[in-house]
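Biologist: Hi! Could you walk me through this model, starting with how the helices pack?
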Amino acid sequence: MASKLEEHCARDRSLGVRYLSIPSSSSFISLISAFNLSKLVLDFVFFISVLCISEMKNTKSKTNFDKLKADIRLMKEELLGIERYRTPKERSLAQCSSNLEAMQTTRSGLESELHQDLLAQLSVVDQLEMDKLNDDIRRLTQENKSAFATRMKLEAEKNKLENLLTNNLIRRKDELIQALQEISVEERKRTLDNSRLELAGIEKRIEQVNKDFKAMEKKVQEAVKRQKAEQEELEKYRIKEKEAQEKLDSDSKDLTKVAAKQQILRQKIDECTTKIQELGSMPQPEMINKYMAYTSKNLFKELEKANSHLKKYSHVNKKALDQFMSFSDQKEKLMKRKEELDRGDEKIKELMQVLEMRKCEAIQFTFKQVSTFFSEVFAKLVPAGHAQLVMKSADGLESSGSAQEMDSDQFAGVMIRVSFNGRGEMREMNQLSGGQKSLVALALIFAIQKCDPAPFYLFDEIDQALDAQHRKAVADMIHEMSKEAQFITTTFRPELLQHANKFYGVKFRNKVSHVECVTREEAYDFVEDDTTHG
């Protein structure tokens, strides 16, 4: 115990600890406790420092291990590449060796034949053939050399591409895979939440589309049934039409015959009329009956008396009566034609009145619809206000209701009156601010959309001059009407992004504008940055 105490004292002296004289045993015991406590503190500090050094070494070793692991992976990839090309190379080497041995054997045989004097034994034809073969051999040798040079060039290019693939592209692929694996979990969660929100919206739209599809399918089935019934009815009418056409053809043939007969009879009538006109005016029927009982002698006597009596009136126009009759007939025809034209004029005037009435009714009906929808939409956009459309006439009169007694030419235009606070007098458009005019214009557009809907609308920063409350009301109105039409808007405010389904950002890079599809969060960040810096 004393030796341990001396060791502690020596260590404490080395650390600069000073001790006081201990007069009593209790003080000595306290001193021993203090020694033990200081020893524990020093051991704790020592172990902490050793632990820190160990952690540093562990971190360094881990870094070295990761580096060695990456190097080992690259070396394994290089080894796999070498092993992959080793077998074909060995096979090519064996093939080249066998070809070399065969060529050497052929060479030795040819050299042995070369030392023999065979030319003397060959005929003229064989010598010519031999010369030809020598030329072919020289040509093939040259082609072989060029092919070998081309092969070596292609093999060098192939090795270059393999080295590029092994050293750069595969390594780049591994780096990209590793970078993909190191993407933060928060980003994945955020992407997952966005995808889930989009998926929920898409599922709702799919349900709506399925409902619409079922409804349209029912309508199509009903239309098919109606089409079948109408097709059957059409076939019946076609059969009737065919029968009527056949009857019409037969009647037309008969009519042609009748018309020919009628033409012949008219020609005869004209001839007879001409002869009658040449004879003069016809006597009355009583005179004809009177002279029917006369004999021919008596008739000749009476004719002589009549001729002698007519000589007194030789200066009178004998055709005046015929002309009077002809002019009377023309007068009757003209009077009938005048009556027909008068009746046609009255019908045309009646038709013009009906058309004018229908035009006024159409104008009135459209005006009432747009006025009603305008008041409703404005009440939704501005809950505390109200608005109305007023029809103006050419004489300055104003009417917000019926226009039945007015002519369509008397309509001069439409005037808008609004009140944004529900108190005070109604104000016209020239008395409003820029934002209020934008809101009134949007209300009118939405009212026309409800009356005569269009397939899509394109709005360019319609909320630029509006405050936050009115921007929210406009966004809600667009979301409500997006079920019937498509709305494309450009904005730098966050209210329109709340109900949107798709987001596109326009970015300016390298002096060129680029359109990119972005997420809802990126769109919010963009408009918030623009609002902050703007």
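Modeller: Happy to! Axes here are lines fitted to C-alpha atoms, for helices over the stretch in contact, and angles run from 0 to 180 degrees between N-to-C directions. Helices (H or I, at least four residues) and strands (E, at least two) are DSSP runs, numbered from the N terminus. This is a predicted model, where local features need pLDDT of at least 70, side-chain atom pairs count only at pLDDT 80 or more, and totals for chains, interfaces and linings use all residues. Residues are numbered from 1 along each chain as its sequence is written, and side-chain values use heavy atoms, with hydrogens and water left out.

Biologist: Thanks! At what angle do helix 7 and helix 9 pack?
Modeller: Helix 7 (residues 320-381) packs against helix 9 (residues 468-481) at about 130°, and their axes are 9 Å apart. Angles under 35 degrees count as roughly parallel, over 145 as roughly antiparallel, 65 to 115 as roughly perpendicular and the rest as oblique. Helix 7 and helix 9 are therefore oblique to each other.

Biologist: And which residues of helix 7 meet helix 9?
Modeller: Val377, Lys380 and Leu381 do, and their partners in helix 9 are His470, Ala473, Val474, Met477 and Glu480. Contact means heavy atoms within 4.5 Å.

Biologist: What about helix 8 and helix 9, at what angle do they pack?
Modeller: Helix 8 (residues 434-451) and helix 9 pack at about 10°, with axes 12 Å apart. That makes helix 8 roughly parallel to helix 9. Among the residues in this contact are Leu439 and Phe446 from helix 8, and Ile478 and Met481 from helix 9.

Biologist: Switching to strands, how many bridges join strand 6 to strand 7?
Modeller: Seven bridges join strand 6 (residues 503-509) to strand 7 (residues 512-518), and the two run antiparallel. Two strands pair if DSSP finds at least two bridges between them. Lysine 507 has histidine 514 as its bridge partner, while phenylalanine 508 stands opposite serine 513.

Biologist: What do strand 6 and strand 7 form?
Modeller: They form a hairpin with two residues between the strands, and asparagine 510 in the turn has a positive phi of about 55°.

Biologist: Last topic: how much space lies in the largest pocket?
Modeller: The largest pocket holds about 2,100 Å³ of space. Its lining has 49 residues, and those closest to its centre are Phe487, His499, Ala500, Asn501 and Lys502.

Biologist: Which helix gives the largest share of that lining?
Modeller: Helix 4 does, with eleven residues.

Note on methods
1 Å grid on protein atoms, 1.4 Å probe; cavity = no way out; pocket = protein on both sides within 12 Å on 5 of 7 lines; lining within 4 Å. Points joined across faces, edges and corners; volume = space filled by probe spheres on them.
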